[in-house]
Each structure stands twice: as C-alpha cells, then as structure tokens.
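Here are my notes for your review. Please read them with the sequence and the structure open.

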Amino acid sequence: MRRYLIFLLFVAGISGISAQTVIRIDRGSSGLEFEGIGAVSAGASSRLLIDYPEPYRSDILDFLFKPHFGASLQHFKFELGGDINSTCGTEPSHARTRQEMQNPVRFYFERGYEWWLAREALKRNRNMIFDILQWGAPGWFDGGFYSMDNAEYLASYIKGMKRYHNIDIAYCGLWNEKHIPDLSRNYAVNILRPVLDKNGLKKVKIVGNDMYCSSPEHHEPWSYARELLNDSILKENIDILGYHYLNVDATQDVKSLDMPVWESEASILSGNWKDALTFARNTNRNYIRSRAVKTLIWCPVDAYFPNVSWNGVGAMEARMPWCGYYDVRLAIWAIAHTTQFADPGWRYLDDACGETDTGLSYVTLKHPRKELYSMIIVTGNRPDTLVLDVSLIGSAEFCLWKSDEKDQFIRQTSVPVKDGCLILTLAPNAIYSLTNTVGQKKGKAIHPIPAKSEFPAYYTENFESYEKNRITPRWLSDQGGAFEVVKLPDGNRVLQQQITESLICWDPWGKNNPEPYTQAGSSNSSDYVVSADFKIGEQGCARIFGVVSWFESNTAPHGVGLEITHSGEWELSINQKVIKEGVIEIDPSAWNHFVLECGISEVRAIVNNCILADIPADRNYVKGFFGVGSDWNRVCFDNLQVRPLNVN
C-alpha cells in the first residue's frame with residue numbers, strides 16, 4: 001500500500017495538487033460530536049404552509065423532514081410567539097393574559113401553526129430535536145422581558161407542548177438578537193434556570209445568546225464567549241454557545257470554553273445554486289474554522305407573502321395555498337449532502353477535516369459504534385482531486401453522490417479502493433458525499449406539483465366554516481396584532497382582533513411593533529374592490545386596505561387605506577399620507593360596511609353606501625395586497641370580499 005500511496009503522491013505532484021489534499025482517514029482521530037443540521041421556523045415564515053391542501057402539504061413536509069428523502073432535517077427550532085411582528089408577520093401567544101397562563105387549556109396551544117409543524121416533523125422523524133426561542137412577548141409581564149413572568153411563560157409553553165402535543169423541547173434560548181449583558185445574565189442565572197428546574201424541566205438546556213457572530217453595529221466578534229469565559233457562574237447556566245451567521249473564525253476564548261458551538265441561525269437560502277453551494281461550504285467551514293457542531297437555517301420554507309421583509313428566503317417555496325404550487329429549491333439537496341449521510345451523535349474525525357488552497361473544503365464523520373464513515377466535500381471554482389488513504393477502514397468501495405448547478409443529488413459510479421487508497425476527481429463548484437453507508441434517496445413528490453396561479457380574482461370569507469374558536473382563517477397573514485375567528489353571543493362567527501395592550505417588541509434595529517393588520521392577495525392584483533362589514537364597539541377604529549405593495553414591520557401598509565373611528569371620523573390615505581378626511585354618522589355598536597375601490601385610474605371610498613371620496617389613483621399604488629386592520633381594540637370584521645372592479 002505504501003508503494004501505491006507514493007505513486008498517488010507523485011500523480012498529485014505533477015497535477016499541481018497540494019500535499020494537504022492527500023488525506024488519511026483514521027478511526028482513532030479525535031473530534032467533536034456532530035449535533036445535526038436543522039431549520040428555524042420563526043418570524044411568520046411558515047404561515048401559509050398549514051393552509052395548503054392535501055396531498056401537496058404532506059409532500060412538502062416529506063421534503064423537509066422525512067429521513068433519507070429530502071433535506072431530512074434533524075433539528076427543528078421555532079418561535080415561541082408573543083403576538084409581535086418578528087420579521088414577516090406575527091406569531092400568536094399561548095398566554096395573552098396572566099389568567100391564561102395560570103389556567104391553560106388546549107386551544108391556547110393550538111393558536112398559530114408552529115405546534116402543528118412540530119408535530120408533523122416528529123411524525124416523520126421520531127428522533128427530531130426541538131428548540132424554542134422568543135423574539136418578543138406579551139405586555140402583561142411584571143418586569144418586562146427579563147422577568148419572572150417571562151420565565152414562567154416560557155416554562156408553561158414547554159409543559160403545554162408536551163401535554164397537548166407530545167413535543168419534548170430540549171433547548172430554549174434567551175432573546176433573539178438582543179442582548180443586555182447585566183439583565184441577560186441575571187435572567188439566565190437567577191430566573192430562567194431556577195424556574196425551569198422548579199417546573200421539572202431540568203433537562204431543558206439553555207442556548208446563549210443568539211446574537212450575530214460579528215456585526216459592527218452590534219458588538220465585536222464572539223464577545224459573548226468572553227462573557228462566559230470570565231464568569232464561571234454564567235457559564236454553568238449556559239449549555240450552548242449559539243451564534244447567528246458565523247463569519248469570523250473562532251477565537252481562543254471560544255476554544256477555551258469547552259462548550260458546544262452552534263450556528264443557531266444560518267446563512268439565508270434562496271432558489272439559486274450559488275446560495276445552495278455557499279450553504280454547504282459554510283456548513284463545512286463552521287466546523288473547520290469555528291468548531292461549530294450544528295447549523296440551523298432560517299427558514300425551512302418560504303411560506304409567506306412576498307411584500308414583507310426578506311422576500312424569497314427559504315429552502316423551499318410554498319406561498320400559493322389556493323392552488324397548491326410549491327418549489328423544491330436547490331438548497332434542499334445541499335442540506336441532504338450532510339443530513340442523509342450522518343446523524344446527530346456521529347463524530348468528526350479532525351485529521352480528515354480541512355480546506356485546501358484551491359477553495360475545497362471537506363469534513364469526515366464516523367458512526368459512534370459502527371465502522372460507517374461519510375465525507376462531505378465542497379469544491380472551489382476549479383477542478384480538483386483528492387487522494388484518500390482509507391486503509392484503516394477496510395471497505396472495498398465507497399458510494400459517491402454529487403450535486404452541481406445542472407443536476408442535484410445524483411448517485412455516481414461507486415469508487416473502488418485499491419491497496420487501501422482511492423482517488424476522487426472532482427468538478428468545480430460542486431458538492432459531494434462519499435460514504436460506505438446506504439439508504440440515501442433523492443425523494444420525488446408522489447403527486448404532480450400543480451401549476452402556479454395568481455390569487456383568486458374573487459375572494460369571499462364569512463368565517464362560518466370554522467368550527468373552532470380562536471383560529472386564524474386561511475390565507476390571512478397577520479402583520480400586527482392577532483386576528484382570530486370568534487363566535488359571538490348571537491352565534492355569528494366573525495374575525496376579531498385580540499390584542500388590547502402594548503407588547504414587548506423585538507426591536508434590535510429600533511423597530512416599533514406595527515398596529516394590527518392582516519393581509520392576503522397578490523403583488524399583481526389590480527383594478528379590484530375590497531369590502532367588509534365592521535363593528536368597532538365603544539372605542540377604537542376599523543381600517544381596510546387595498547393595493548398594498550409593501551409592508552414594513554414598523555409602519556403602516558404602503559398602499560391605499562381607509563380608516564374610520566368609533567365617532568365616525570374617517571381618513572383616506574395613499575402610502576400613509578392622508579388625502580381626504582371627514583366625519584360620517586355611524587353606530588359603532590352595530591354592523592357597518594365599508595368599500596374600497598382600487599382602480600388603475602381612480603380610488604373610491606364608501607361607507608354604508610355613502611361615497612366619502614372619489615380621487616385619482618396614484619400610479620405608484622395600483623397593484624398589491626388587500627387587508628383589514630384596527631387599533632389595539634377588539635374590532636370585528638365579517639363578510640370580507642374581493643372582486644374585480646366594474647363586475648357585480
């Protein structure tokens with residue numbers, strides 16, 4: 001074998017391959033435990049998935065969670081909602097009052113969809129690891145976010161998820177991308193950990209602190225690692241060093257901690273090969289450069305409307321529940337190159353993990369008990385060759401899987417071992433998985449994927465089809481507040497806004513939480529009428545919107561809006577600028593009706609059959625989404641309708 005290896009080194013030399021490209025795989029090599037690849041469902045990024053019709057919804061879930069099929073995600077982290085806008089919308093709270101927290105019932109834990117998505121993940125992978133994190137919180141806490149109330153709130157959620165959905169939460173975080181050192185330390189050490197223990201949740205581990213690894217406007221690289229290193233009591237209470245967007249090599253502080261490192265929110269994924277390749281390369285480098293043993297992407301599925309922050313992000317796309325169309329993006333197969341070849345509990349072999357001066361990276365992992373090995377390789381922008389000494393493994397051949405821009409996750413011809421060695425000739429800008437394991441599969445949808453179609457031109461919702469109370473109706477996506485179907489004393493089911501007090505917002509960039517607003521529709525919809533019945537009550541206002549092109553999480557919708565208060569004062573605005581205003585007589589305790597005609601040439605506002613305004617349209621706001629909104633009161637809506645203009 002030695003003579004053959006010398007020959008291979010000679011071949012490598014005349015081919016211009018650096019000596020470090022010759023790798024020996026030694027089962028005795030030291031290395032850390034691999035903890036998996038997963039995804040983060042947060043910021044309302046998964047909102048529309050639950051509304052998908054079967055069988056397409058199950059097919060999407062299989063691509064995400066089913067082992068040896070698609071992405072085969074191994075860890076599912078999701079937002080513990082607080083009714084605040086946390087990126088692409090709001091995620092509902094399980095306890096909007098102290099009374100709800102102290103007297104839990106099942107339907108509190110069936111608000112929203114994260115509970116459902118977690119159950120679907122567990123249904124497909126019984127070894128799924130679960131993790132929760134807060135972006136914001138309800139406003140009723142005594143003491144704000146870093147309070148005893150919040151710790152009890154978090155503990156109640158963990159217990160409720162187990163009681164009602166059989167979901168075991170293994171990890172929890174502190175506050176997403178927000179860190180106030182003294183308050184955070186006291187919360188972790190003196191409040192959260194004791195509360196978890198008191199509630200029988202001693203096995204739940206704490207991740208700290210979900211901040212950016214390096215960002216000039218936030219802090220210096222790896223600063224939390226130094227906090228832990230200099231504070232032994234804090235270090236005893238933090239189990240995982242979790243950072244977002246690892247872009248700086250680990251410091252000596254990190255290496256001295258002797259604590260697992262995660263990329264607890266990873267690089268953004270979209271539909272192109274460049275992003276998929278970058279993800280695979282970064283996942284390898286996470287371990288090689290930062291000793292990070294887990295990577296969690298945001299987000300698993302782009303299931304939100306495209307007029308909000310971070311449009312187009314996701315390993316899959318599923319934003320058309322009315323027709324069932326979805327897209328299996330290339331990122332799915334980039335993830336599969338790791339998850340289908342190694343499970344949490346495997347061990348990295350450090351001597352066979354590294355990078356070359358050609359831009360190639362590779363990591364090698366071993367099964368904890370069996371003689372099973374996998375190597376994940378990501379090439380640079382030129383052809384390359386690896387020479388592997390596998391004499392200590394004993395396998396006669398290895399399977400090889402490849403992805404590039406043209407074809408993804410394709411099994412190649414098996415690579416034979418000769419005299420304990422093998423040679424891999426590798427294409428540029430490609431991902432490879434070399435393994436002596438079996439069972440990998442490029443899954444295919446059981447049912448043909450439906451064609452794309454625009455949001456229906458005719459839409460009507462009277463909310464009577466929902467048997468349960470307190471449920472978000474299909475296709476509507478809350479951007480502020482919480483809009484749920486409720487049954488009134490007269491038996492009528494309506495849409496009612498639920499949040500009546502200020503919230504603890506997620507504001508790492510100085511954001512304010514937007515006032516209540518829920519939307520649906522399409523970026524391309526134009527020349528339509530949106531109408532609804534509304535009942536304001538003793539105080540507050542009702543709003544209706546059309547042709548909303550954009551929604552920022554700290555402002556009102558960018559489109560045409562009509563607002564009317566309980567006293568009959570009204571305003572018609574375009575792009576948040578008041579164009580006309582006045583007063584009309586209404587009965588706020590009764591049902592009223594407003595109409596917004598959003599034409600290409602003119603806009604008309606009508607309340608109770610009275611034309612309030614008829615003005616020229618702004619050519620910059622003639623296409624977009626529709627919705628209804630309110631202030632922080634329990635305003636009701638019914639018979640929400642959209643139809644083409646000039647069609648009865």
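**Notes on helix packing and selected residues**

1. α2 passes α4 in a right-handed crossing. The two helices, α2 and α4, pack at an angle of about 65 degrees, and their axes are 10 Å apart. Angles of 65 to 115 degrees count as roughly perpendicular. α2 and α4 are therefore roughly perpendicular to each other. Bear in mind throughout that this is a predicted model.

2. Which residues form the contact between α2 and α4? From α2 come R57, S58, L61, D62 and F65. From α4 come W116, L117, E120, A121 and R124. By class, the contact of α2 with α4 divides into five nonpolar, one polar and four charged residues.

3. Helix α2 spans residues 56-65. Eight of its 10 residues are buried, so α2 is largely enclosed by the rest of the structure. The buried residues are R57, D59, I60, L61, D62, F63, L64 and F65.

4. What do the buried residues of α2 pack against? Two helices are on the list: α4 and α11 (331-339). The strands are β3 (75-79), β10 (301-302), β11 (316-320) and β12 (325-328).

5. Helix α4 covers residues 114-124. Eight of the 11 residues of α4 are buried, so this helix too is largely enclosed by the rest of the structure. They are E114, W115, W116, L117, A118, E120, A121 and R124. The cover over these buried residues includes the helices α2 and α5. It also includes the strands β2 (36-41), β3 and β4 (129-133).

6. How do α4 and α5 cross? Helix α5 runs over residues 148-165. The axes of α4 and α5 come within 12 Å and cross at roughly 60 degrees. That makes α4 oblique to α5. α4 passes α5 in a right-handed crossing.

7. On the α4 side, W115, A118 and R119 make the contact with α5. On the α5 side, the residues are M161, Y164 and H165. By class, the contact of α4 with α5 has four nonpolar, one polar and one charged residues. W115 and A118 are buried residues of α4.

8. Is D389 buried or exposed? D389 has a relative accessible area of 7%. The cut-off for buried is under 20%, so D389 is buried. D389 sits in strand β17 (residues 384-389). Its side chain makes a polar contact with the side chain of S391, at 2.8 Å.

9. L612 is in strand β35 (residues 610-616). With 14% relative accessibility, L612 counts as buried. What does L612 touch, leaving aside residues up to four places away in sequence? The partners are L562, W570, I584, A605, I606 and V607. L612 and Q440 are 172 residues apart in sequence, and their C-alpha atoms are 64 Å apart in space.

10. R643 belongs to strand β37 (residues 636-644). R643 is partly exposed, with a relative accessible area of 27%. Along the chain, R643 and E597 are 46 residues apart. Their C-alpha atoms are separated by 9.7 Å.

Technical notes:
Residues numbered from 1 in each chain as written. Predicted model: local features only at pLDDT ≥ 70, side-chain atom pairs only at ≥ 80, totals over all residues. Heavy atoms only, no water. Axes fitted to C-alpha atoms, helices over the stretch in contact; angles between N-to-C directions. Helix = DSSP H or I, 4+ residues; strand = E, 2+ residues; numbered from the N terminus. Parallel < 35°, antiparallel > 145°, perpendicular 65-115°, else oblique. Left-handed = near helix turned anticlockwise from the far one by under 90°. Contact = heavy atoms within 4.5 Å. Nonpolar A, V, L, I, M, F, W, Y, C, P; charged D, E, K, R; others polar. Buried < 20%, exposed > 50% of the residue type's maximum accessible area, 1.4 Å probe, protein only. Polar contact = N/O pair within 3.5 Å; in protein donor to acceptor, adjacent residues only side chain to side chain.
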